[in-house]
Amino acid sequence: MKVSDLARAAGVTGETVRHYTREGLLHPRRDPGNGYQLYDADDLNRLRFIQRARTLGFSLREVREILEHADHGDSPCPMVRDLLAARLPDIHARIRELQALATRMERALETWRDMPDGTPDGHSLCRLIESLPMEDDGTPAHTP
């Protein structure tokens, strides 16, 4: 398979295939006649594995480590479990932060619904943003 064939089979772009090849995650052989990179069914399976790993949040560096373990006949599963277990608390914290941000945005939009637009006058840039209550430390207040 050429780059375009592999990309089509995996549902990605040719640039994605080329990028993963440059990163050393895919190992095509060269066609001696024209120098094209040729991929096989193993590359397609590997590409699909990379896609699955990426949907779980693994970085390319981590995917490379996982593939290296597997390529050497070692099970990467313990490492995969440990990586996800270590990352999950951070993901939950980010979700809480994003939920708080969404709540602040919703409250701001509700507050601003009937406020008139203003024109910058040297003392004010945007009346809407400037109307937000602030804490003593300069961060937006978390008003109910």
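Is E62 buried or exposed, and what is its relative accessible area?

Modeller: E62 is buried, with a relative accessible area of 5%; here buried means under 20% relative accessible area, exposed means over 50%, and partly exposed covers what lies in between, with a 1.4 Å probe and protein chains only. The model is a predicted one, in which local features need pLDDT of at least 70 and side-chain atom pairs count only at pLDDT 80 or more, whereas totals for chains, interfaces and linings use all residues. Residues are numbered from 1 along each chain as its sequence is written, and side-chain values use heavy atoms, with hydrogens and water left out.

E62 is found in helix α4. Helices (H or I, at least four residues) and strands (E, at least two) are DSSP runs numbered from the N terminus. Leaving aside neighbours within four places in sequence, E62 is in contact with G57, L83 and R87, a contact being heavy atoms within 4.5 Å.

A salt bridge joins R87 and E62, with 2.5 Å between the closest N and O atoms. R87 lies in helix α5 and E62 in helix α4 (residues 60–71), so the pair ties together parts that are 25 residues apart in sequence. The criterion for a salt bridge is a side-chain nitrogen of Lys or Arg within 4 Å of a carboxyl oxygen of Asp or Glu. The side chains of E62 and R87 also make a polar contact at 2.5 Å. That term denotes a pair of N or O atoms within 3.5 Å; within protein, one must be able to donate a hydrogen and the other to accept it, and residues adjacent in sequence count only if both atoms are side-chain atoms. While E62 is buried, R87 counts as partly exposed, at 24% relative accessibility.

D43 lies in helix α3 (residues 41–55). D43 is buried yet has no salt bridge, the nearest side chain of opposite charge being R46, 5.8 Å away. A polar atom of the D43 side chain lies 3.5 Å from the backbone nitrogen of H27. Not counting residues up to four places away in sequence, D43 touches L6, L26, H27, P28 and L38.

The whole structure has 7 salt bridges. Among them is the pair of R8 and D5, whose side chains meet at 3.0 Å, N to O. Both residues lie in helix α1 (residues 3–10), 3 residues apart, about one turn of the helix. R8 is exposed, with a relative accessible area of 60%, and D5 is partly exposed at 28%. Another of the salt bridges pairs E15 with R22, the closest N and O atoms being 2.7 Å apart. E15 is partly exposed, with a relative accessible area of 42%, whereas R22 counts as exposed at 57% relative accessibility.

The setting of these pairs is as follows. The protein has 6 helices and 2 strands, and from the N terminus on its elements run α-α-β-β-α-α-α-α. The radius of gyration is 25 Å, well over the 15 Å that the globule rule gives for 144 residues, so the protein is more spread out than a compact globule. This radius is taken over C-alpha atoms, and the globule rule is 2.2 Å times the number of residues to the power 0.38. Along the principal axes, the C-alpha atoms fill a box of roughly 70 × 40 × 25 Å. Of the 144 residues, 22% count as buried. Among contacts with a separation of 6 or more, residues 24 or more positions apart account for 42%.

Helix α5 spans residues 77–112 and includes R107. R107 is partly exposed, with a relative accessible area of 35%.

Finally, the cysteines: the count of disulfides comes to 0, the rule being a pair of cysteine sulfur atoms within 2.5 Å. C77 counts as partly exposed at 42% relative accessibility, and C126 likewise counts as partly exposed, at 32%.

Key: Lys, Arg positive; Asp, Glu negative; His and termini not counted.
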